[in-house]
Amino acid sequence: MKELEISRIPQLSFEVTEALNQLRINLGFCGDQIKTIMVTSSVPNEGKSFIAMQLWRMMAEVGTPSLLIDCDFRNSEMRRKYGLHSADKEKLLGAAHYLAGKTDVQNIIYKTNIPNGYMIPVTTAIVNPTILLESANFARMLDYCKEHFAYILVDTPPLASVADALNIARYCDGSVLVVRSGDTPRKVVDNSVQMLRRTDTPLLGLVLNRADVSGRSSVYYHRYYRSGYYYKGSRYGYGYGGSHTRDTGKTTDNGGK
Ligand SMILES: Nc1ncnc2c1ncn2[C@@H]1O[C@H](COP(=O)(O)OP(=O)(O)OP(=O)(O)O)[C@@H](O)[C@H]1O
Ligand SMILES: [Mg+2]
C-alpha cells in the first residue's frame, strides 16, 4: 500500500480532545452497522474538515483501522492545510481517479503516518463532480472500504452551497452536522436537518463547534454535559448537541478562513 505523510498535525487542547473523545465514544454506541459517517455542515467554514480529520485521527489512535475520505472535490483544503504528500514522491491519486475509471480502488487508499489511519485524498479540484458522485463506482468504493476498515469518515462540502453532500449521504450509514457556535443562524441549521432527514440517512448528532464555554454559559454546559443530557446525538432526529469543541487559542490550528 502506498504511503501518505501528514506533515502538519494540529496539537489540540485538553478540552477539544475530551469533547472529540466523547463524540467518538458516542458514535461507537450507535451500533456496529454505523461504519460510514459523513461529516457536513450548513455553510462553509464551520469546521467540517477539522472535525472529520480529528475524529478520524482519534479513532485510529485508539487502534481502530479508520479511513478518511476527502469528498470535498470542488474546494478541498486538506492537502495544503495539513501538508499531505506522498511518502514515496509518487503522484498522488484521489477518489476522482477511481470514480472516473482511471485506476483501481486499492491505488487511491493511502496508509498515513497516523497509526491505523488511512486516507483517500483529493488531489485536484473538480468543477462539477456530480456525475462522479452519482456513478455506481461511488457505492462500490464505499463497499470496498467498509470491508477493510472499522470506520470511514467522509468529509463533504456544505449543504447550502451544492448538492454534493446530499448525494453522498445516500451512501453513508449516518451523518454528523457541524454547527459553528454563535455564527450559523438557527433557521439555517433547521433547514440542514430537514435536508438530511429527507435522505433517510440518520443524523447521528450535532457538533457545536468553537463554542465559547468560558463565560456563564459554561456552568450550564458543564451541568448538562456531566449529567449526560447534553449529548442527544439521536439517530431519529434533531439532537440538541453532539459535542462541544472549544477554540481556546491553544490549538495551533485556529487559522479561520
Ligand atoms: N474546534 C476548532 N478549533 C480550532 N480551529 C478550528 C476548529 N474548528 C475549525 N477550526 C479552523 O477553522 C478553519 C475552518 O475549518 P474547516 O476548514 O475545517 O471548515 P470547513 O467547514 O471544512 O470549511 P469548508 O466549508 O471551506 O470546507 C480552519 O482553519 C480550521 O483549522
Ligand atoms: Mg472543509
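A residue counts as buried when its relative accessible area is under 20%. With that in mind, welcome to this predicted model. Buried residues make up 53% of the 257 residues in the protein chain.

**First stop: the whole chain**

If you list the contacts with a separation of 6 or more, 82% of them come from residues 24 or more positions apart.

Next, colour by confidence. The mean pLDDT of the chain is 85, and 83% of the residues reach 70 or more. Select residues 218-257 and you will see a stretch where the pLDDT is below 50; in the model, this stretch has 92 contacts beyond near neighbours in sequence.

**Second stop: two crossing helices**

Select residues 14-28, which form helix 1, and residues 48-61, which form helix 2. How do their axes meet? They come within 10 Å and cross at roughly 70°. Angles of 65 to 115 degrees count as roughly perpendicular, so helix 1 and helix 2 are roughly perpendicular to each other. To see what makes the contact, show side chains for Thr17, Leu20, Asn21, Leu23, Arg24 and Leu27 on helix 1, then Ile51, Gln54, Leu55, Met58 and Met59 on helix 2.

Move on to strand 3, residues 66-70, where you will find Ser66. Is Ser66 buried or exposed? Its relative accessible area is 0%, so Ser66 is buried. Leaving out residues up to four places away in sequence, Ser66 touches Trp56, Met59, Ala60, Asn116, Gly117, Tyr118, Phe149 and Tyr151. You have met one of these already: Met59 also takes part in the helix 1 and helix 2 contact.

Zoom in on the side chain of Ser66, which reaches the backbone oxygen of Thr64 at 2.7 Å. Then try a distance between C-alpha atoms: Ser66 and Met119 are 53 residues apart in sequence and 8.3 Å apart in space.

Select the loop between strand 4 (84-86) and helix 4 (95-99), and pick out Asp88. With a relative accessible area of 38%, Asp88 is partly exposed, because that value falls between the 20% and 50% limits. Which residues does Asp88 touch, not counting those up to four places away in sequence? They are Lys2 and Glu3. From C-alpha to C-alpha, Asp88 and Glu3 are 7.0 Å apart in space, while 85 residues separate them in sequence. Look also for the polar contact of 2.6 Å that joins the side chains of Asp88 and Ser86.

Now click on Lys89, which lies in the loop between strand 4 and helix 4. Its relative accessibility is 77%, so Lys89 counts as exposed. Check the backbone here: phi of Lys89 is near 65°, a positive value in a residue other than glycine.

**Last stop: Asp200**

Finally, select Asp200, in the loop between helix 8 (186-198) and strand 9 (203-209). What is phi of Asp200? It is near 70°, a positive value in a residue other than glycine. Asp200 counts as exposed, at 70% relative accessibility.

Terms used
Residues numbered from 1 in each chain as written. Chains lettered and ligands numbered in written order. Predicted model: local features only at pLDDT ≥ 70, side-chain atom pairs only at ≥ 80, totals over all residues. Heavy atoms only, no water. pLDDT = per-residue confidence, 0-100. Contact = heavy atoms within 4.5 Å. Helix = DSSP H or I, 4+ residues; strand = E, 2+ residues; numbered from the N terminus. Buried < 20%, exposed > 50% of the residue type's maximum accessible area, 1.4 Å probe, protein only. Polar contact = N/O pair within 3.5 Å; in protein donor to acceptor, adjacent residues only side chain to side chain. Axes fitted to C-alpha atoms, helices over the stretch in contact; angles between N-to-C directions. Parallel < 35°, antiparallel > 145°, perpendicular 65-115°, else oblique.
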